[in-house]
Amino acid sequence: MGRLFAVVVTVITLLSVSFFVMHTWWMPVDISTTGPAIDHQLEETMTGSGLLFLGGQLLLGLFVWQSSDKNPARKIKIFPGGANPLVAAAIILVGIEILTLTFVGSKAWAAVNLVPAAADSLHIDVQAEQFAFYFRYAGPDGQFGGLHPDKIDDGSGNYFGLDPANDVAARDDVVVGSLVIPVNRPILLTLHSKDVGHSFYVPELRIQQDFVPGIEIPVHFTATQTGKFEIVCTQLCGLGHYNMKAYLQVMSEADYEQWLKGQEGQ
Amino acid sequence: MRMKFFAALALTVAMGSALMVFATPPPAGSGSITGKVTYTGTPMKMKPIDMSKEPSCAKQHATPITTENVATGPGNTLQWVVVYISAGDEGTTTASQGVRYDQKGCQYLPHVLTMLAGQQLQIYNDDQTSHNIHPLAKVNQEWNKSQPPGSPPIDTKWDKPEFIAVKCNIHPWMHGYFAVLKTSHVSITGEDGTFDIKGLSPGKYTVTAWQEQYGTKTQDVTVGAGAATANFVFTATPY
Ligand SMILES: [Cu+2]
């Protein structure tokens with residue numbers, strides 16, 4: 001029985017590792033300038049933790065095999081050296097691994113989260129609410145109107161709480177339900193939520209950032225490929241959370257300009 | 001001299017016809033109030049609605065629908081204005097039939113639904129997606145109900161007269177109104193801005209026109225045997 005368990009453990013270990021080695025379920029295409037560094041970091045994390053997983057599990061299988069040996073001379077009863085060195089070794093090994101990954105990975109993380117957005121970034125404002133995303137462009141004047149949460153009125157399409165009657169800058173703001181951006185141009189998003197916590201997740205951009213009500217959170221990226229990608233909410237936000245999504249459309253600069261002109265007319 | 005003659009003639013004709021009205025009273029309920037609701041100024045632009053996140057709804061609209069809080073027609077007309085008798089004969093106060101409200105293509109149909117207080121209201125979900133209808137009642141009891149596709153209609157009613165804004169807790173763009181009234185003498189303006197309140201006995205009435213963005217306007221109207229006229233003009237602002 002013990003030997004059978006040892007075999008099962010070994011088979012499960014090798015099978016699960018093979019899925020990762022062969023990239024059976026892997027990430028979608030990367031369309032972000034910061035994506036390669038993140039993917040590289042992910043590969044390193046996967047390799048490091050994968051090797052530890054593989055070693056640990058195979059060792060477990062070996063010990064299970066040995067401890068169920070019929071021959072009393074070969075049968076292991078306690079872990080060689082006792083439990084204390086084992087626990088100490090595990091803490092040190094895992095500790096080193098985590099610290100190393102943090103240290104090595106901080107560069108990729110910082111490129112996304114600490115480096116400020118390029119000065120010439122296209123600034124787009126994002127409002128999350130149960131259960132949709134809305135996107136705001138500054139319009140021809142290049143100025144965003146102020147936000148007045150008391151003016152929010154979904155029925156008349158005022159998802160952001162603009163006050164065009166008193167605020168000239170708000171009058172030409174373009175508010176849409178899809179995020180349309182030009183390719184190869186730095187984009188700066190400002191995330192804010194109308195109600196509860198939400199999340200902005202575009203797997204292809206390798207970006208996942210929470211919305212926190214009451215806080216404006218900047219996110220920046222540059223898309224390197226045109227196409228249509230899904231933006232999904234990955235923070236359980238209520239009844240319609242499963243249905244909370246929007247689309248990211250990355251266009252050529254010319255197509256984007258044309259699209260924007262069309263929107264400004266409305 | 002000639003002016004005086006015409007004035008006297010007009011007065012005689014008017015008195016004569018008034019006498020005739022009194023002499024042979026018309027059958028009750030044959031009178032009506034018709035008219036048109038228009039605006040002056042520039043109304044706010046209605047915004048196109050992006051439903052791309054709900055493909056089963058988006059594909060039902062060849063061109064994107066727009067917000068409807070100020071629905072206008074050619075000739076400065078206003079649609080979805082509820083015109084009703086707010087004082088005078090109020091007509092029946094109980095209804096034998098219920099009214100139907102639909103959620104179709106992620107839109108409320110009709111945009112404004114009139115009903116009597118206490119009248120049965122059935123709310124259908126005709127879509128392939130879940131809706132969560134949330135009437136924002138203040139005088140009546142507020143509630144919200146989830147309706148997955150294929151659910152039976154919600155059977156309900158409102159006890160007190162009130163204009164109740166309706167929203168969907170899942171699709172923020174969905175917006176409509178329940179106009180719960182204590183009178184059955186009501187008409188909603190079409191795209192041409194016209195209304196027609198039928199079945200009125202001769203008499204004096206106060207007529208109220210309600211538009212969701214601009215509020216109410218009232219005027220007194222005297223109804224004789226035929227159609228009396230009452231026009232309403234709202235002042236529109238672009239923002
Ligand atoms: Cu959400």
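Let's start with salt bridges: over all chains, the structure holds twelve of them. Please keep in mind as I go that this is a predicted model.

One of those pairs is worth a look on your screens. In chain A, R136(A) forms a salt bridge with D125(A), and the closest N and O atoms are 2.8 Å apart. Where do R136(A) and D125(A) lie? R136(A) is in strand 2 of chain A, while D125(A) is in strand 1, residues 122-129, so the pair ties together parts that are eleven residues apart in sequence.

The peptide bond from Q130(A) to F131(A) is cis, with omega near 0°.

You will find N184(A) in the loop between strand 4 (179-182) and strand 5 (186-193) of chain A.

Now to where the two chains meet. How many residues does each chain bring to the contact? Chain A gives 23 residues and chain B gives 20 residues. Between chain A and chain B, the buried area is about 1900 Å², and carbon and sulfur atoms give 53% of that. And what about salt bridges here? Across the interface of chain A and chain B, the rule finds zero. For polar contact, the count between chain A and chain B is six residue pairs, with both residues at pLDDT 80 or more.

Which elements of chain A give two or more residues to the side that touches chain B? They are strand 2 (132-137) and strand 10 (245-251) of chain A. By class, the side of chain A that touches chain B has ten nonpolar, nine polar and four charged residues.

Let's move over to chain B and its sheets. Here we have an open sheet of five strands, with mixed pairing and the order 7-13-12-9-10. At its edges stand strand 7 (112-116) and strand 10 (145-147) of chain B; each has a single partner strand, so one side of each is left without a neighbour in the sheet. From one strand to the next, the twist averages 25°.

If you zoom in on strand 7 of chain B, you will see that it runs parallel to strand 13 (residues 175-181) of chain B, with five bridges joining the two. As an example, L116(B) has L181(B) as its bridge partner in strand 13 of chain B.

There is also an open sheet of four strands in chain B, in the order 6-5-8-11, and its pairing is mixed. Why is one side of strand 6 (108-109) and of strand 11 (154-156) of chain B left without a neighbour in the sheet? Both strands stand at the edges, each with a single partner strand. Strand 6 of chain B pairs with strand 5 (residues 99-103) of chain B in the antiparallel sense, over two bridges. There, L109(B) in strand 6 stands opposite D102(B).

L109(B) brings me to my last stop. From L109(B) to P110(B), the peptide bond is cis, with omega near -5°. P110(B) lies in the loop between strand 6 and strand 7 of chain B.

Key
Residues are numbered from 1 along each chain as its sequence is written. Chains are lettered from A and ligands numbered from 1 in the order in which they are written. This is a predicted model: local features need pLDDT of at least 70, side-chain atom pairs count only at pLDDT 80 or more; totals for chains, interfaces and linings use all residues. Side-chain values use heavy atoms; hydrogens and water are left out. Contact means heavy atoms within 4.5 Å. Buried area is the accessible area (1.4 Å probe) that two parts lose on being put together, summed over both. A salt bridge is a side-chain nitrogen of Lys or Arg within 4 Å of a carboxyl oxygen of Asp or Glu. A polar contact is a pair of N or O atoms within 3.5 Å; within protein, one must be able to donate a hydrogen and the other to accept it, and residues adjacent in sequence count only if both atoms are side-chain atoms. Ala, Val, Leu, Ile, Met, Phe, Trp, Tyr, Cys and Pro count as nonpolar, Asp, Glu, Lys and Arg as charged, and the others, Gly among them, as polar. Two strands pair if DSSP finds at least two bridges between them. Axes are lines fitted to C-alpha atoms, for helices over the stretch in contact, and angles run from 0 to 180 degrees between N-to-C directions.
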